[in-house]
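User: Could you take a close look at one part of this model for me, namely its pockets and what surrounds them? I would like one connected account that I can follow on the structure.

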Amino acid sequence: MHNMTKLLMQHKIVAIFRNIEEQAADAAAQSLIDGGIRLMEVTMNTKGATGLIRGWRERFGEKAAIGAGTVLDVEMAEEAVDAGAQFLISPNLDEAVIEYGIRQDVPVWPGVMTPTEIVRAWKAGAEAVKVFPMASLGLSYLKEIRAPLNNIPMIATGGVDLDNIGAFLEAGACGVGLGSKLVRQDWIESGEFDRLRKQASRFVQAIQEQG
């Protein structure tokens, strides 16, 4: 198993940065790292995404893994890896992206919804899959698909918050993707980075309590 996938299994949280203000991005990332976050994803549809990935690898490389999200095709995967992305996450399943990741030694955790897609991703070489959109599918859906497919690590993304994170992990998620519930745009815009750090540490605490 790839080191990045091991890191995911250990720390269980991927913080998702989407459309983050460039001038506040570094401070926001620092706050999450100070709160205990160890995997951060910059979505490729964020303005200046590759610059952020490159900069964060230099600045935070020792403290956190930096990956790319919303990687829709091989071309985007190449851009992300050139910028230094250490893992790739997609909302969709594209086997060519998984194959590219294997060649580059960069793990790809693709977006999947149905049991067929989950198994297809696994057979193509994905070490973990992102079950999305979890907010619409719900916890009971995760429990049901885990029963026959419990050997495939699943990241629950969408709809995970402080109140239900424990339930998602109990239902068998190997980790969670957290966007707006963790990377709070309103706090970032108002410069409340200490609040952001505290929120991060609450999520980390919730994971540890799950133990």
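Analyst: The model is a predicted one, and the values given here are computed from it. The largest pocket holds about 320 Å³ of space. Its lining is made up of 20 residues, and those closest to the centre of the pocket are Ile-16, Arg-18, Leu-178, Gly-179 and Ser-180. Two elements, strand 1 (13-17) and strand 9 (175-178), each give two or more residues to this lining. By residue class, the lining of the largest pocket divides into eight nonpolar, eight polar and four charged residues.

The second largest pocket has a volume of about 150 Å³, and of the 13 residues that line it, Gln-10, His-11, Val-204, Ile-207 and Gln-208 lie nearest its centre. Helix 1 (3-11) and helix 11 (193-210) each supply at least two residues of this lining, with helix 11 giving the most, four residues. Five nonpolar, six polar and two charged residues make up the lining of the second largest pocket.

Helix 11 also holds Gln-199, which counts as buried because its relative accessible area is 9%, under the 20% cut-off. A polar atom of the Gln-199 side chain lies 3.1 Å from the backbone oxygen of Lys-181, while the side chains of Gln-199 and Arg-202 are joined by a polar contact of 2.9 Å. Leaving aside neighbours within four places in sequence, Gln-199 is in contact with Leu-162, Lys-181, Leu-182 and Trp-187.

Definitions and conventions
Residues numbered from 1 in each chain as written. Predicted model: local features only at pLDDT ≥ 70, side-chain atom pairs only at ≥ 80, totals over all residues. Heavy atoms only, no water. 1 Å grid on protein atoms, 1.4 Å probe; cavity = no way out; pocket = protein on both sides within 12 Å on 5 of 7 lines; lining within 4 Å. Points joined across faces, edges and corners; volume = space filled by probe spheres on them. Nonpolar A, V, L, I, M, F, W, Y, C, P; charged D, E, K, R; others polar. Buried < 20%, exposed > 50% of the residue type's maximum accessible area, 1.4 Å probe, protein only. Polar contact = N/O pair within 3.5 Å; in protein donor to acceptor, adjacent residues only side chain to side chain. Contact = heavy atoms within 4.5 Å.
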